[in-house]
Amino acid sequence: MTALVLLLVGGLHEVWIFAVWPFASRADFTRVVGGVDEDEAPPAWSTAAVAVLLLAAAYLVAGRAGIVGEIGPPWLHTVGAWGVTAVLLVRGVVGLTVFSRRRDIFGRMDRKVYSPLCVALATGSAVVALS
């Protein structure tokens, strides 16, 4: 399940390289998803980088879980799954502590969706890494 969600979120970031779905405008998209004004939006290449990293994370977790074939030594997927765990846990904790002070829509979305999802995915990745 963790690998699937990482795959879906990575795919969503791929969509966001070219479109602002499901938002009506780029301004709404950047305010809700990025917490910035439209003129401060990160470049498309950074969204592409996040998409690639999320897809790699999905592969590492799926490989460690035995869902897909592992490329390289088995320890790579174990270390990779722990790396995914660490990054997602840090993102979730930072969101629940630092971003929680924000009172804009990004802050609300981060408290209710983004950070809890990161913590849940970190937990799933840790379970896979331990198996």
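Reader: Which helix is Val119 found in?
Author: Quick ground rules: this is a predicted model, local features need pLDDT of at least 70, side-chain atom pairs count only at pLDDT 80 or more, and totals for chains, interfaces and linings use all residues. Residues are numbered from 1 along each chain as its sequence is written, and side-chain values use heavy atoms, with hydrogens and water left out. Helices are DSSP runs of H or I with at least four residues, strands are runs of E with at least two, and numbering goes from the N terminus. With that settled, Val119 is in helix α5.

Reader: Which label does Val119 get, buried, partly exposed or exposed?
Author: The cut-offs use relative accessible area: under 20% is buried, over 50% is exposed, and partly exposed is in between (1.4 Å probe, protein chains only). Val119 comes out at 26%, so the label is partly exposed.

Reader: Which residues does Val119 touch, not counting residues up to four places away in sequence?
Author: A contact here means heavy atoms within 4.5 Å. With residues up to four places away left out, Val119 touches Leu88, Gly92, Val93 and Leu96.

Reader: At what angle do α4 and α5 pack?
Author: Two packed helices are described by the angle between their axes and the distance between the axes. The axes are lines fitted to C-alpha atoms, for helices over the stretch in contact, and angles run from 0 to 180 degrees between N-to-C directions. For α4 and α5 the axes are 7 Å apart, and the angle is about 155 degrees.

Reader: How do the residues of the α4 and α5 contact divide by class?
Author: Ala, Val, Leu, Ile, Met, Phe, Trp, Tyr, Cys and Pro count as nonpolar, Asp, Glu, Lys and Arg as charged, and the others, Gly among them, as polar. The contact of α4 with α5 divides into 17 nonpolar, 6 polar and 3 charged.

Reader: What handedness does the crossing of α1 and α5 have?
Author: Helix α1 (residues 2–18) and helix α5 (residues 105–130) have axes that come within 9 Å and cross at roughly 135 degrees, so the pair is oblique. A crossing is left-handed if the near helix is turned anticlockwise from the far one by less than a right angle, and right-handed if clockwise. This one is left-handed.

Reader: Which residues of α1 and α5 make that contact?
Author: By class there are 5 nonpolar, 3 polar and no charged residues. From α1 come Thr2, Val5, Leu6 and Val9, and from α5 come Leu117, Leu121, Gly124 and Ser125.

Reader: How do α2 and α5 lie to each other?
Author: The axis of α2 (residues 26–34) comes within 7 Å of that of α5, and they cross at roughly 55 degrees. Arg31, Val32, Val33 and Gly34 of α2 make the contact with Ile105, Phe106, Met109 and Tyr114 of α5. That contact has 6 nonpolar, 1 polar and 1 charged residues. By angle, α2 and α5 are therefore oblique.

Reader: What is omega for the cis peptide bond joining Trp21 and Pro22?
Author: Most residues other than glycine have a negative phi, and most peptide bonds are trans. Pro22 is in the loop between α1 and α2. Its cis bond with Trp21 has omega of about 5 degrees.

Reader: How far apart in space are Gly69 and Arg26, C-alpha to C-alpha?
Author: Gly69 lies in the loop between α3 (44–64) and α4 (74–97), and it is exposed at 56% relative accessible area. Gly69 and Arg26 are 43 residues apart in sequence, and their C-alpha distance is 39 Å.

Reader: What radius of gyration does the chain have?
Author: The chain has 5 helices and 0 strands, and its C-alpha trace spans about 45 × 30 × 20 Å along the principal axes. The radius of gyration is taken over C-alpha atoms, and the globule rule is 2.2 Å times the number of residues to the power 0.38. For 131 residues a compact globule would be near 14 Å, which agrees with the chain's 16 Å.

Conventions. Parallel < 35°, antiparallel > 145°, perpendicular 65-115°, else oblique.
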